[in-house]
Amino acid sequence: MAGSVSDLNADVTGAWSKRRHEAYQASVQYEDFVSLSDQIHDANSRVAVKETYILKLEQRRDALTATVATNEETIARQQKRLYGADAEILRLRRELRAAEQRGDDAD
(Lines give C-alpha, C1' and ligand atoms only; values in the text may rest on other atoms or scores of the structure.)
Protein backbone atom coordinates (compact mmCIF):
# COMPACT_ATOMS: atom_id res chain seq x y z
CA MET A 1 0.00 0.00 0.00
CA ALA A 2 2.96 2.25 0.58
CA GLY A 3 3.72 1.91 -3.11
CA SER A 4 0.21 2.99 -3.93
CA VAL A 5 0.43 6.10 -1.77
CA SER A 6 3.75 6.94 -3.31
CA ASP A 7 2.34 6.42 -6.78
CA LEU A 8 -0.72 8.47 -5.89
CA ASN A 9 1.50 11.23 -4.47
CA ALA A 10 3.58 11.24 -7.66
CA ASP A 11 0.43 11.38 -9.76
CA VAL A 12 -0.92 14.31 -7.73
CA THR A 13 2.41 16.10 -7.87
CA GLY A 14 2.62 15.49 -11.63
CA ALA A 15 -0.94 16.70 -12.17
CA TRP A 16 -0.29 19.77 -10.00
CA SER A 17 2.90 20.54 -11.95
CA LYS A 18 1.04 20.10 -15.22
CA ARG A 19 -1.75 22.43 -14.06
CA ARG A 20 0.78 24.98 -12.83
CA HIS A 21 2.58 24.84 -16.19
CA GLU A 22 -0.76 25.22 -18.03
CA ALA A 23 -1.65 28.21 -15.83
CA TYR A 24 1.75 29.77 -16.56
CA GLN A 25 1.28 29.21 -20.29
CA ALA A 26 -2.21 30.73 -20.10
CA SER A 27 -0.76 33.72 -18.24
CA VAL A 28 1.93 34.19 -20.90
CA GLN A 29 -0.66 33.85 -23.65
CA TYR A 30 -2.90 36.39 -21.89
CA GLU A 31 0.02 38.84 -21.58
CA ASP A 32 0.76 38.34 -25.31
CA PHE A 33 -2.92 38.91 -26.07
CA VAL A 34 -2.99 42.12 -23.99
CA SER A 35 0.18 43.35 -25.67
CA LEU A 36 -1.19 42.58 -29.12
CA SER A 37 -4.52 44.17 -28.19
CA ASP A 38 -2.67 47.34 -27.10
CA GLN A 39 -0.71 47.38 -30.36
CA ILE A 40 -3.93 47.01 -32.35
CA HIS A 41 -5.54 49.81 -30.34
CA ASP A 42 -2.52 52.07 -30.96
CA ALA A 43 -2.56 51.25 -34.68
CA ASN A 44 -6.29 51.94 -34.86
CA SER A 45 -5.73 55.28 -33.11
CA ARG A 46 -3.04 56.21 -35.63
CA VAL A 47 -5.35 55.21 -38.47
CA ALA A 48 -8.17 57.29 -37.00
CA VAL A 49 -5.86 60.31 -36.73
CA LYS A 50 -4.76 59.85 -40.33
CA GLU A 51 -8.34 59.42 -41.52
CA THR A 52 -9.30 62.64 -39.72
CA TYR A 53 -6.35 64.43 -41.32
CA ILE A 54 -7.33 63.09 -44.74
CA LEU A 55 -10.91 64.28 -44.19
CA LYS A 56 -9.67 67.76 -43.27
CA LEU A 57 -7.42 67.83 -46.33
CA GLU A 58 -10.32 66.77 -48.56
CA GLN A 59 -12.50 69.52 -47.07
CA ARG A 60 -9.73 72.05 -47.64
CA ARG A 61 -9.28 70.83 -51.21
CA ASP A 62 -13.03 71.18 -51.83
CA ALA A 63 -13.00 74.70 -50.41
CA LEU A 64 -10.00 75.64 -52.55
CA THR A 65 -11.67 74.12 -55.61
CA ALA A 66 -14.75 76.26 -54.95
CA THR A 67 -12.53 79.31 -54.48
CA VAL A 68 -10.73 78.60 -57.75
CA ALA A 69 -14.07 78.26 -59.55
CA THR A 70 -15.24 81.56 -58.07
CA ASN A 71 -11.95 83.22 -58.99
CA GLU A 72 -12.20 81.88 -62.54
CA GLU A 73 -15.69 83.35 -62.82
CA THR A 74 -14.41 86.68 -61.48
CA ILE A 75 -11.50 86.60 -63.93
CA ALA A 76 -13.89 85.89 -66.81
CA ARG A 77 -16.08 88.86 -65.79
CA GLN A 78 -13.03 91.11 -65.43
CA GLN A 79 -11.75 89.99 -68.85
CA LYS A 80 -15.11 90.92 -70.39
CA ARG A 81 -14.85 94.35 -68.75
CA LEU A 82 -11.27 94.68 -69.99
CA TYR A 83 -12.26 93.73 -73.52
CA GLY A 84 -15.14 96.21 -73.30
CA ALA A 85 -12.75 98.93 -72.10
CA ASP A 86 -10.32 98.08 -74.91
CA ALA A 87 -13.15 98.29 -77.44
CA GLU A 88 -14.23 101.64 -75.96
CA ILE A 89 -10.65 102.96 -76.17
CA LEU A 90 -10.39 101.88 -79.82
CA ARG A 91 -13.78 103.47 -80.61
CA LEU A 92 -12.79 106.74 -78.92
CA ARG A 93 -9.42 106.81 -80.75
CA ARG A 94 -11.21 106.32 -84.06
CA GLU A 95 -13.60 109.13 -83.19
CA LEU A 96 -10.67 111.33 -82.15
CA ARG A 97 -8.79 110.62 -85.39
CA ALA A 98 -11.96 111.25 -87.38
CA ALA A 99 -12.50 114.54 -85.53
CA GLU A 100 -8.87 115.51 -86.08
CA GLN A 101 -9.17 114.72 -89.79
CA ARG A 102 -12.37 116.76 -90.04
CA GLY A 103 -10.58 119.59 -88.26
CA ASP A 104 -7.66 119.33 -90.68
CA ASP A 105 -10.06 119.24 -93.58
CA ALA A 106 -11.83 122.31 -92.24
CA ASP A 107 -8.58 124.29 -92.19
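In these legends, a residue is called buried under 20% relative accessible area, exposed over 50%, and partly exposed in between, using a 1.4 Å probe and protein chains only. The model shown is predicted, so local features need pLDDT of at least 70 and side-chain atom pairs count only at pLDDT 80 or more, while totals for chains, interfaces and linings use all residues. Residues are numbered from 1 along each chain as its sequence is written, and side-chain values use heavy atoms, with hydrogens and water left out.

**Figure 1. Glu95 pairs with Arg91 in helix α1.** Let us start with the salt bridge between Glu95 and Arg91, whose closest N and O atoms are 2.2 Å apart. A salt bridge here is a side-chain nitrogen of Lys or Arg within 4 Å of a carboxyl oxygen of Asp or Glu. The two residues sit 4 residues apart in helix α1, about one turn of the helix. Glu95 has a relative accessible area of 42%, so Glu95 is partly exposed. Arg91 is also partly exposed, because its relative accessibility is 33%.

**Figure 2. Arg19 forms a salt bridge with Glu22.** The closest N and O atoms of Arg19 and Glu22 are 3.5 Å apart. Both residues belong to helix α1 and are 3 residues apart, about one turn of the helix. Arg19 counts as exposed because its relative accessibility is 60%. Glu22, at a relative accessible area of 37%, is partly exposed.

**Figure 3. Asp62 and Arg61 make a salt bridge.** Here the closest N and O atoms are 3.3 Å apart. Asp62 has 44% relative accessibility and therefore counts as partly exposed. Arg61, at 49%, counts as partly exposed too. By the rule given above, the count comes to 4 salt bridges.

**Figure 4. Tyr30, Phe33 and Val34 form a nonpolar patch on the surface.** Together these residues have about 330 Å² of accessible area. Patches are made of residues with over 30% relative accessible area and no salt bridge; like charges are joined within 9 Å, and nonpolar side chains (Val, Leu, Ile, Met, Phe, Trp, Tyr) within 5 Å. Accessible areas come from the Shrake-Rupley method with a 1.4 Å probe, and for residues only the protein chains shown count as cover. Phe33 lies in helix α1, which covers residues 2-106. Phe33 is exposed because its relative accessible area is 54%.

**Figure 5. Gln25 and Val68 are separated by 63 Å.** That distance is taken between their C-alpha atoms, and the two residues are 43 residues apart along the chain. Gln25 lies in helix α1. With a relative accessible area of 35%, Gln25 is partly exposed. The chain has 1 helix and 0 strands; helices (H or I, at least four residues) and strands (E, at least two) are DSSP runs, numbered from the N terminus. Buried residues make up 0% of the 107 residues in the chain.
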